[in-house]
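Welcome to this short tour. Please take a look at the sequence and the structure below, and then read on to see how the parts meet.

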Number of protein chains: 2
Amino acid sequence: MNDLQQIKDYIRKHKLLAPSDKVIVGVSGGPDSVFLLYLLHQWQHEFGIHLHVAHVNHRLRKAADQDQQFVETLARKLKIPCSTAVWGRKEGQRSSLEERARLYRLQFFSQLAKRQKTSLVALAHTQDDLAETVLMRLIRGTGLQGLRAMRPSSPYQSLEIVRPLLGTRKKDIHQYLKKHKIPYCIDITNQDIKFFRNKIRHQLLPLLVKDFNPQIYESLANVAEVSSADYDFLEARATDLFRRVTKVSADGTTLRIPLTSLRRCHPAIQRLLLRKAIERLQGNTRRLTFTHMKEMEDLLAHRPDNSRVHLPQQMVAQKDKKNLRLSRTS
Amino acid sequence: MNDLQQIKDYIRKHKLLAPSDKVIVGVSGGPDSVFLLYLLHQWQHEFGIHLHVAHVNHRLRKAADQDQQFVETLARKLKIPCSTAVWGRKEGQRSSLEERARLYRLQFFSQLAKRQKTSLVALAHTQDDLAETVLMRLIRGTGLQGLRAMRPSSPYQSLEIVRPLLGTRKKDIHQYLKKHKIPYCIDITNQDIKFFRNKIRHQLLPLLVKDFNPQIYESLANVAEVSSADYDFLEARATDLFRRVTKVSADGTTLRIPLTSLRRCHPAIQRLLLRKAIERLQGNTRRLTFTHMKEMEDLLAHRPDNSRVHLPQQMVAQKDKKNLRLSRTS
């Protein structure tokens, strides 16, 4: 990248930073986050922002302690305060290691943001990460909520997460770091194609560039952007309806929606409403598949009263004369 | 396929056929359409339908006349009336050969349907075709309207096009034809991977099945189904708004939309409204890219009065004090 102006334009266009913002910058020590930190450091006066580095040592690989040291040294050199957390991971849980590591990171950023009296976290996701995510979601089967993938800015609980590099290609970052002789850590697990994302990155996307569309990254980023706007519109309608028609029990374990409301609404909204209901009861919609959604639609449309559909994480949907009841059985 | 019941269920679930329907069946002579014709012939009394075979000889390859003869003989054997058209294609037009062949076919089906006093056309698109289309659209960059790809039934001008095999895999069709020793024509151009679709079929999808997701066809079909519902909802809102706010000139070459209406609506709806306007003026949105849409959004949001954006097919979008004007310059 000879011209950093594009990234500045991206930040301005999406209103990612505002004067006197305090920004927690997630820095793993890898090329993308090191690049992001250098940029924001270079622009801190121009944008009028204050930075704080956040690093999580996941202890997932041998070099983890060296990476932590690298980030702490870098922050000191740039005169930016730095907070580090070491992940004491628990074994035997259900979600994947990657997913738990991600949640731990977000939790740490949340706590740090609270202590630092801010809500703004900048992450170094690139256009490559975005394209990979769209493809991953598509290959596994998803709807709009999956295709929009990462966004320039998105809320997470009380945080506002911004992604200034989401329009930037990894190869341009590497080129810049090389040209300016900026050191960074190398994560060898990124090369290991036993991981689904790495197979997409090193096998599928290069094939698509070569044989199908040289602009595939931009195309997939466009899919994400359009999907995001479409989803946003649908989601607003579903949220509005959700507030008006659903009732949650006092202990928060059961939720009911009148059948008339469900049947009257458009299939697209009905599906979002059901997803929202599940998310409300259990905090997420993990492992909820297309098949589960189809089962619930069939329950509503065709099955006799008191029929049930079993959902992931011990959830049950049951239809009675007037309502669909969703409840956690554990 | 040992069990044709699934296809029957698919037809019933999507209400593709009703008693006393007259159905024009598009038959190229290839395996999928021959299979469809055999099935519908076998079920004609059960569904209470009347069949009429339609074949187009595109004269695109050497065996084309043999294919025509094959289809005519088959129809005679099954005692189904058959109409054939021979395409006298014109050279030097802008759209691709494939696209023009497709339009010619649809035009022929339309005329035939009118003569036969029906509006129902059955085509033999399979789940493979659906998955390929979703991938093609995604790789080239698309929104919801592209991802929904083919649907179990969709209107085309005054026709209702139904696709009874859209939930069926090609490999199951081949197996059935082989088992029952049913002959069909082979289209060798289907093997030629210089065509984009064939590369997707023979190169990309097998790779995705092997290394990424054995159920990729179903996953992509699900993406199409969900996208279709979502698009339908958004489209209804955009159509409603379109009717209320746009004005078309008497000669049909200019269309105007008040800026206040455009600015007040959600970005997702704004985008659909602009697409609709272009479609209204020129009958299609071919070669309209994501970049054109971004240009128009920028025109609306940031550029001074009287700025213009040039669009495909000699269309121009111009902003004045109160309206966005779209016009054909040729």
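Buried area is the accessible area, found with a 1.4 Å probe, that two parts lose on being put together, summed over both. Chain B and chain A bury about 3500 Å² between them, and carbon and sulfur atoms account for 69% of it.

Before going further, a word on the source: this is a predicted model, where local features need pLDDT of at least 70, side-chain atom pairs count only at pLDDT 80 or more, and totals for chains, interfaces and linings use all residues. Residues are numbered from 1 along each chain as its sequence is written, chains are lettered from A and ligands numbered from 1 in the order in which they are written, and side-chain values use heavy atoms, with hydrogens and water left out.

**Where the chains meet**

With contact taken as heavy atoms within 4.5 Å, 39 residues of chain B touch 39 residues of chain A. Which three residues supply more of the area that chain B buries against chain A than any other three? They are B:Leu138, B:Phe212 and B:Phe233, with 19% of that area.

A salt bridge here is a side-chain nitrogen of Lys or Arg within 4 Å of a carboxyl oxygen of Asp or Glu. There are 2 salt bridges across the interface of chain B and chain A. One of them joins A:Lys294 to B:Glu225, whose closest N and O atoms are 2.3 Å apart.

On the side of chain B that touches chain A, α9(B) gives the largest share, 13 residues. Helices are DSSP runs (H or I, at least four residues), numbered from the N terminus. That side of chain B divides into 21 nonpolar, 8 polar and 10 charged residues. In this count Ala, Val, Leu, Ile, Met, Phe, Trp, Tyr, Cys and Pro are nonpolar, Asp, Glu, Lys and Arg are charged, and the others, Gly among them, are polar.

**Inside chain A**

Chain A has domain 1 (5-225) and domain 2 (246-328), with bounds from an automatic or database domain assignment. Taken over C-alpha atoms, the centres of these two domains of chain A are 35 Å apart. Their contact takes 4 residues from each of domain 1 and domain 2 of chain A.

**The two interfaces in brief**

| Interface | Buried area | Carbon and sulfur part | Salt bridges |
|---|---|---|---|
| chain B and chain A | about 3500 Å² | 69% | 2 salt bridges |
| domain 1 and domain 2 of chain A | about 340 Å² | 37% | 0 salt bridges |

Conventions:
Helix = DSSP H or I, 4+ residues; strand = E, 2+ residues; numbered from the N terminus.
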